[in-house]
Amino acid sequence: KQVPGGVKSVLGCTKKSVCPVIADLYVVLQLGDPSKPFGPPVPVLPPYIKDAKGNIEEDVIEEFLSQGANQVTVQSYSERHIDGLLNKTAELASSIGDKRLGFPAGKFWKRAAALSDFKKKWFTSGKQFVLRHLAYMTALKGEAANGYAYHRFLCIREDNVFLDSSVNVQDEFCKHGKCKCQDPDLEQEMVVVDKYCHFLGSYSDKVHYTNRKGANLIFASSLEDHAGRMTEWLTLGLSRAIRQSPEKIRQQPLQSEARYKALLDSNNVLVHTRDFKRSDVRYIDYGGKEFACVPQYYKKCVNQALWRKVPSCPLHLTR
C-alpha cells in the first residue's frame, strides 16, 4: 500500500503500459485475538484490523484487487487448527530425527526440547513456518484450479512495509540472466533475499523471492516435507548448542536466520541479495495519536536513507 501503483508497480509495470505479468495473492491468517499474537505483544492493532469495515477477509481481498492483483485468496485457520498442525509437525520431526541420528524413539525430540530457546522459537518461528507452508500449499491449489503455472513466488510477513516506489521484484531474475520464464523443472534453485537484517552473518528471512524449485525447498509441498525441514532446523540447533560454539550462537541455537542460511547453502541454492526498501513496522499510540514506527531492534534492517521515512518506536518498544 505504501508503493505508488500498488501491486503492478512492485511487478515493474507502469500505469501506461500493458503489464505482461499477473500476480495472484494468497493470504493465510490465524484467527484469534489479534492483540495477543504468538509473537511479541502488539501495542495498537494495525489499521487494516482496527478499521475493518466488516469481514476482514473481504476487506483484504478488496484492497489488493484495487491495487492491481489478478486475484486474491484469503484462507483463515483457527488457532486450534494451527496448533494441531504444529503438533503433527513435531510428531513427524521426532520420528524423522530419531531415524536420521539412530536414536531410540523420542530421544531426538527430548534433546531438541532442552535447547535454551526451544520454547520461544518452536511456538513462534515454528508457527510462522507452518503458516508459510500453508500459504504455499494454498497457492499450489489455486494454480491447479487456474490452469496456469506460477514461475515466481514472493513471500512476505504482514508486518512488512515497502518504503519506496522503486521496488521492482520482477527485474531481479533479469539481472542474473533469468528474465524469461523457463520450464520450472529446468531452472536451478534461486532465491533473492534482503541485503539487510542478516543477524550473525546469516541470510535475512524477512522476504523470500524465488523460483519454483526454490519455493518447493523453502516452503515444502507436503506436510511430511515440511516436517523434514523442521527436523533439519532442530538438528542444526543441536549442533550450534555445543560448547565449542561462540556464546552468541549458543544463546540462540534455533535462530531462524541461521536455519534459512543452512537450508539454502546445503542445497546449493543461488542466493542473491538486494535492497527491498522495506521495514518491519508496529503501530503505537503516542500522545493520543496512532502511527506506524520501526522498532529500535530492527534499525539495522532498513536502508538508512529510508530510515527517516518512518519514525522509530520509543525505546521501551524494542521488538
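Which way, right-handed or left-handed, does helix 4 pass helix 9 in a crossing? Let's keep that one for a moment and get our bearings.

Okay, hi everyone. What you have up there is a predicted model, so please hear everything I say with that in mind. The chain has 319 residues, and 46% of them are buried. In terms of elements, we've got 11 helices and 10 strands. And if you take the contacts with a separation of 6 or more, 71% of them are between residues 24 or more positions apart.

Right, back to the opening question. Helix 4 goes past helix 9 in a right-handed crossing. Helix 4 is residues 79-101 and helix 9 is residues 223-240, and their axes come within 8 Å, crossing at roughly 65°. Who's making the contact? On the helix 4 side, look for Leu-85, Leu-92 and Ile-96, among others, and on the helix 9 side the list includes Leu-223, His-226 and Met-230.

Now the nonpolar cores. The largest one has 24 residues, and the ones with the most contacts inside it are Trp-109, Phe-118, Trp-122, Leu-134 and Leu-234. Helix 4 and helix 9 turn up here again: together with helix 5, residues 107-113, and helix 6, residues 118-146, they are the elements that give two or more residues to this core. Which of them gives the largest share? That's helix 6, with seven residues.

Leaving aside residues up to four places away in sequence, Leu-234 touches Phe-108, Trp-109, Ala-112, Leu-115, Phe-118, Trp-122 and Leu-254. There's also a second, separate core, with 18 residues, and Tyr-136, Leu-140, Ala-215 and Tyr-260 are among them.

Four strands make an open sheet with mixed pairing, and the order is 3-6-5-7. So what's at the edges? Strand 3, at 152-156, and strand 7, at 270-274, each have a single partner strand, so one side of each has no neighbour in the sheet. On average, neighbouring strands here are turned by 20° against each other, ignoring direction. You can find Val-191 standing opposite Thr-210 of strand 6. Then helix 8, residues 212-219, packs on the sheet and touches strand 3, strand 5 and strand 6, with its direction at about 130° to that of strand 6.

Helix 11, residues 256-266, is worth a look too. Its buried residues are Ser-256, Glu-257, Ala-258, Arg-259, Tyr-260, Leu-263 and Leu-264. Those pack against quite a list: helix 6, strand 5, strand 6, helix 8, helix 9 and strand 7.

As background, most residues other than glycine have a negative phi. Asn-268 isn't a glycine, yet its phi is positive, about 55°. Asn-268 sits in the loop between helix 11 and strand 7. Is Asn-268 buried or exposed? Exposed, with a relative accessible area of 59%.

Lys-277 does this as well: not a glycine, but a positive phi of about 55°. Lys-277 is in the loop between strand 7 and strand 8, which is 278-280. At 21% relative accessibility, Lys-277 counts as partly exposed.

Asp-275 is in the loop between strand 7 and strand 8 too. But Asp-275 is buried, at 13% relative accessible area. What does Asp-275 touch? Not counting residues up to four places away in sequence, Asp-275 touches Asp-194, Lys-195, Tyr-196 and Asn-303. Asp-275 and Lys-195 are 80 residues apart along the chain, and their C-alpha atoms are separated by 5.5 Å.

Last stop is a hairpin. Strand 9, residues 282-286, and strand 10, residues 289-293, pair antiparallel over five bridges. Asp-285 stands opposite Glu-290 of strand 10. Two residues lie between the strands, and in the turn Gly-287 has a positive phi of about 65°.

Methods:
Residues numbered from 1 in each chain as written. Predicted model: local features only at pLDDT ≥ 70, side-chain atom pairs only at ≥ 80, totals over all residues. Heavy atoms only, no water. Pairing = 2+ DSSP bridges. Axes fitted to C-alpha atoms, helices over the stretch in contact; angles between N-to-C directions. Contact = heavy atoms within 4.5 Å. Left-handed = near helix turned anticlockwise from the far one by under 90°. Core = buried A, V, L, I, M, F, W, Y, C linked by side-chain atoms within 4.5 Å. Buried < 20%, exposed > 50% of the residue type's maximum accessible area, 1.4 Å probe, protein only.
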